[in-house]
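Hello,

Here is the structure I promised to pass on to you. Have a look at it first, and then read my notes below.

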Amino acid sequence: MKPVTQVASPALLLLDANIDTDQIIPARFLRKPRSDGYHHYLLYDARYDMQGRPRCDSPITEADSGAKIVLAGHNIGCGSSREGAVYAFVDHGIQVIISTKIADIFRNNAIRNGLLPIMLDQAPFDELVAYCQAQPQAPLTVDLEACEIRWENDHCLAFEIDDGSRERLLKGIDDIQATLAWDTQINDFADRYLADRPWVVPATGRHCR
Amino acid sequence: MTQPPLTLFEKIWQQHRIASTGEFDLLWVDRHFVHEGSFHAFDKLDSSGRPLAYPELTFGIADHYVPSNLARLDDDPEVAGMIRLLEDNTAKHQLTYLGLGHTDRGIVHVAAPELGLTLPGLIIVCGDSHTTTHGAFGALAMGIGATEVAHVLATQTLWQRRPKTMRIHVSGQLAHGVTAKDLALHIIHQIGTGGATGHAVEYTGPAVANLSMDARMTLCNMTIEAGARVGMVAPDDTTLSWLRDTPRAPTGEALEQAERHWLSLYSDPGAAYDKSVTLDANDVAPRVTWGTSPEQSVAVDEPFATVDSEATHSSLEYMGLNAGQPILGLEVDQVFIGSCTNSRLSDLRDAASVLQGGTVKVPTLIVAGSNRVKAQAEAEGLAEIFRQAGASWGESGCSMCVAMNGDSVAPGQRCASTSNRNFPGRQGPGARTHLMSPAMAAAAALNGKIVDIRTGG
Ligand code: SF4
């Protein structure tokens with residue numbers, strides 16, 4: 001996983017509330033292999049019409065192509081747990097999502113894929129949006145080490161993120177490898193726990209097609 | 001030193017905590033379900049080079065891509081390929097697999113409980129947000145993403161931030177014709193789709209205690225639509241007697257030991273929740289969604305969306321509706337009765353009691369949640385009632401809930417549906433979904449429009 005430390009770019013604005021993961025990546029694309037990249041499918045039905053032609057009211061335009069930061073409406077990522085929604089953003093080059101609320105499962109998925117989720121209160125969020133609307137091409141700098149968002153020369157906004165998530169993102173930690181260090185604790189726990197509660201393991205089943 | 005009073009959620013969380021670092025706890029996972037969509041996770045596991053840690057605790061079940069008419073498998077190689085991929089991955093890692101022909105197969109959240117794989121006090125995870133369903137048994141059940149699925153496969157554990165706790169207390173009783181689906185829509189309408197984000201919800205109160213297991217599953221299923229990771233009901237006699245009839249729940253001495261443990265799983269008197277909401281079940285009427293978010297619903301006899309906001313406006317535009325219009329009498333183009341919210345036997349019985357002797361006016365698809373439910377519905381004559389009424393009766397699975405298996409709603413068409421999400425495009429690009437209970441959907445099928453199940457008009 002690619003570490004996230006400092007990200008500077010103009011922001012892409014997706015300000016509708018409740019942009020759910022079905023909209024972020026429609027279900028029919030979830031069967032696609034990741035190898036071709038999931039950026040094609042990001043907000044697909046909002047970007048293309050039924051015939052696959054670009055829509056004139058598409059929320060993402062050519063001008064947004066270099067954006068690495070998204071300012072998103074309240075409750076972004078609600079609904080289905082599909083990690084494909086996070087892949088779609090990441091493969092599009094997005095490294096930071098800022099909103100007033102980010103749905104839990106989407107947020108967990110983001111942290112595990114090098115996408116920094118930042119939740120702000122309404123007033124600072126509105127301030128950022130106002131700036132980005134006034135200066136669409138001007139960059140924001142998101143600094144995860146300092147936990148700050150900076151713009152122009154003198155504007156700076158602190159954000160909060162829990163230590164565990166911050167560390168995972170800063171170091172690009174892969175949980176599976178990191179958990180190896182806990183193998184002894186896990187095995188001890190499992191031995192004790194399963195001895196105490198033998199009923200947890202169900203009777204063996206059959207493999208059947 | 002005496003223990004401080006704990007909530008149901010806190011008890012189960014603590015019993016599964018292996019280690020802690022800051023805000024993250026490493027939790028033991030008792031039960032894990034995988035489906036066709038889990039292929040990313042198997043790829044990640046394989047590339048990590050680790051073997052599957054506890055194959056006896058993970059179960060593979062085909063549901064999302066299973067066509068409601070199996071003959072269609074030959075026409076869609078991509079769909080057939082998704083099912084084969086799951087079959088191959090489960091075989092390779094020697095997991096129990098409930099495939100197309102298996103009598104126990106079904107939607108994960110319908111099949112696993114009825115097999116007795118879902119038990120109180122367990123931590124249950126699945127790469128599917130509606131895993132909250134299993135909380136109906138007093139389990140701590142969460143939807144997770146593909147990277148987390150891979151982690152569970154490799155380690156049988158999960159790193160999680162501890163959510164806050166929230167109690168939703170429902171006093172009173174649901175009136176005749178009002179179901180757990182209506183209660184769920186009512187709650188989401190009250191607290192909003194983000195109302196429980198970051199929280200583990202516990203449902204309490206007389207109205208909840210009186211719900212059947214099927215109804216509790218419907219309620220816990222929809223909890224994710226309020227943003228919660230977890231929705232749970234403490235196990236009681238209803239839970240225990242339901243489990244005794246399942247084929248794979250513990251038996252004999254193991255059952256006695258398990259039941260003693262299960263009955264210790266309740267929130268202690270005086271346990272503190274981070275948030276509390278109280279509602280009166282008597283205020284709940286049959287509800288129907290009018291918009292593109294599950295929070296946008298009204299009682300069937302109310303007009304909708306008189307409030308003017310940008311969000312309301314874009315929802316109404318997508319749905320092809322005007323503010324202030326009554327929902328009653330709104331014509332629908334088709335009906336879907338199914339999904340992990342409402343495809344259990346009691347749901348099908350509700351639908352059948354409405355459809356009996358009538359004829360549907362619009363295309364109606366009825367899909368059982370599992371092969372067991374399907375067999376039972378056929379044995380007791382429900383399927384015959386559906387066929388007589390002119391409805392299609394499909395192979396069990398997710399079907400038109402998510403439109404991955406070839407069943408979908410055409411662009412611009414209006415569908416009365418017992419599923420859980422009315423998001424734009426959920427049932428197919430441009431599809432317009434109205435969520436409601438099985439009886440309400442059946443009544444809409446007979447009338448070709450939305451009617452009030454209590455009055456029939
Ligand atoms: S029925 Fe619908 S909501 Fe339930 S698991 Fe299947 S796709 Fe998901």
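Let's begin in chain B, where Val125(B) stands opposite Met142(B) in strand E7(B). Please keep in mind that this is a predicted model. Val125(B) and Met142(B) face each other where strand E6 (residues 123–126) of chain B runs parallel to E7(B), joined to it by four bridges. Helix H5 (residues 146–155) of chain B packs on the sheet, where it touches strands E3 (31–34), E4 (58–61) and E6 of chain B. The direction of H5 makes about 125° with that of E3(B).

The whole sheet is open and has five parallel strands, in the order E5-E4-E3-E6-E7 (chain B). Strands E5 (96–98) and E7 (140–143) of chain B each have a single partner strand, so one side of each has no neighbour in the sheet. From one strand to the next, the twist averages 20°.

Chain A has an open sheet too, with four parallel strands in the order E2-E3-E4-E5 (chain A). Its edges are strand E2 (11–14) and strand E5 (116–119) of chain A, each with a single partner strand. The twist here averages 20° between one strand and the next. Within this sheet, three bridges pair strand E3 (residues 69–72) with strand E4 (residues 96–99) of chain A, and Leu71(A) stands opposite Ile98(A) in E4(A).

Finally, the cysteines. How many disulfides are there over all chains? A search of the whole structure finds zero. For Cys126(B), the nearest cysteine sulfur belongs to Cys398(B), 9.8 Å away. Cys126(B) is buried, at 0% relative accessible area, and Cys340(B) also counts as buried, at 7%.

Enjoy exploring!

Key. Residues numbered from 1 in each chain as written. Chains lettered and ligands numbered in written order. Predicted model: local features only at pLDDT ≥ 70, side-chain atom pairs only at ≥ 80, totals over all residues. Heavy atoms only, no water. Pairing = 2+ DSSP bridges. Helix = DSSP H or I, 4+ residues; strand = E, 2+ residues; numbered from the N terminus. Axes fitted to C-alpha atoms, helices over the stretch in contact; angles between N-to-C directions. Disulfide = S-S within 2.5 Å. Buried < 20%, exposed > 50% of the residue type's maximum accessible area, 1.4 Å probe, protein only. Contact = heavy atoms within 4.5 Å.
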